[in-house]
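Subject: Structure for you to look at

Hello,

Please find the structure below, with its sequence. My notes on it follow.

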Amino acid sequence: MTTPLYPTFQKRINDAIEELITHQVTPWSCMTAGPTFRVKRFDGREIVCGGISFDGSPRAVFWDGYIEPFLEHLCVGEIGAAVTMAKEREVDGILLLPEIYDLLLVGIKKIYTRMADIDRRLRGGGYPDRVTLRPIEDKVQRMEVFVGDRILAELNMWQARESSQRNAEFESVDLLEHQKSLLLELVKADHSVSLEHKGHFFVSEATNRPPSVIHAGIPGGLNVGKGDVESLGDDNILRLGRSSKGSLTFQITSFGFRYAEWLRGRMGEPLLRISEQVRSYLGSSNFKSQYKDAFQKWTQAEAALWGEDSANQLTTIGHLCREVAQDFCTALVEKHPSADLDRDKTKTVHRLRTILNQHRSAFGQSGGAFLDALLAYWGTLIDLVQRQEHGGTKEGEALTWEDAQRVVFHTAVVMWEIDRSLNRLR
């Protein structure tokens, strides 16, 4: 589904492209038809041709930087208009800008296609089919880069503005530390059950017992202060209600989920989110460039872990983490080649052992013991990942959200430690 502003910009850009074709491109088709040919460049200077054929300098002028200033001006103007209108109409620029990119590229290809057709007609002298059509891919590609760079710059600025606004909005929420922890526990409980089992949280207020939150994702309940639940409701983090029997009920609002995600990053909660140090290391340009496939799949696994339907993604998370381990080892093999290396990418423990043994002498005695522990850590993790991927069927134990969290967390940690250990040898 397109944004509400898509039809507006579809017409704007189509009209602008047609105007360029009419006034700047089509006139060239009459260059050899009779009187002196005149057309203006973007800067206002005239191109004047008379009594000469198209082949030669006129053709060089036609293809060498004539139309590009017009196209660049059009693209910059429409991108700027899109940003301005998105702000005014409260349309998400992150969704609109890619639409503008596509519309501009369609128009650009249309102009170059028309230019190639005119080029062939003029060179053919009435017999265009006898002349090879000039390729336009180089021209289109250059403009794709031009438009893409500007769209990306606007997207980055839009995201930065949104991030700043979110920070200001979330920082205005005034909660006590234990109330923040309570929210994270509630979000964790909500994530741990499948969609069909999601529902209201209930606050049980049995006589002579402290209030307790009852939910499918909280086995045994969670002791809670009723005032804390009401405080979260006051900040629009929870939507409070009453059951038919008068018990306090609540659901986490969309704002509450967004705030919790922001809060996890700020708190660096080790049991809920990868530690900031490890996450920062994996997210560095150096790590991502060396382990591109592994990092990409790990981020997919983490996104599935914290997604709305995470309870139904538990085996998918295991599958992704298995591929992370294989891709990580493959990248290590390329960095540390050896004749003894196993070429089977599924043999990650054997491959890692061979790589670490190459450098054992450089680590010394205590370092060598650490390598042994690191390899054992890796092997145990691979066992956990395989259990996760196969749904715990071999062990006869049902998977939980905590199991998925464990493999995502430790997959990141073990990659971090292995890469750091090998880098320290350089």
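Ser-212 touches Phe-202, Val-203, Ser-204, Gly-221, Leu-222, Asn-223 and Val-224, leaving out residues up to four places away in sequence; contact means heavy atoms within 4.5 Å. This is a predicted model, in which local features need pLDDT of at least 70, side-chain atom pairs count only at pLDDT 80 or more, and totals for chains, interfaces and linings use all residues. Residues are numbered from 1 along each chain as its sequence is written, and side-chain values use heavy atoms, with hydrogens and water left out.

Ser-212 lies in strand β4, residues 212-215 (strands are DSSP runs of E, at least two residues, and helices runs of H or I, at least four, numbered from the N terminus). Its relative accessibility is 10%, so Ser-212 counts as buried (under 20% relative accessible area, with a 1.4 Å probe and protein chains only). The side chain of Ser-212 also reaches the backbone nitrogen of Leu-222, at 3.3 Å.

Now the helices. The axes of α4 (residues 93-124) and α5 (residues 137-171) come within 10 Å and cross at roughly 165°. That makes α4 roughly antiparallel to α5 (angles over 145 degrees). Residues of α4 that meet α5 include Ile-94, Leu-97 and Tyr-101, and those on the α5 side include Val-140, Met-143 and Trp-158.

On confidence, the protein chain averages a pLDDT of 86, and 94% of the residues score at least 70 (pLDDT is the predictor's confidence in each residue, from 0 to 100). Over residues 269-273, pLDDT stays under 50. Where pLDDT is low, the predicted coordinates should not be read in detail.

Regards

Notes. Buried means under 20% relative accessible area, exposed over 50%, partly exposed in between (1.4 Å probe, protein chains only). A polar contact is a pair of N or O atoms within 3.5 Å; within protein, one must be able to donate a hydrogen and the other to accept it, and residues adjacent in sequence count only if both atoms are side-chain atoms. Axes are lines fitted to C-alpha atoms, for helices over the stretch in contact, and angles run from 0 to 180 degrees between N-to-C directions. Angles under 35 degrees count as roughly parallel, over 145 as roughly antiparallel, 65 to 115 as roughly perpendicular and the rest as oblique.
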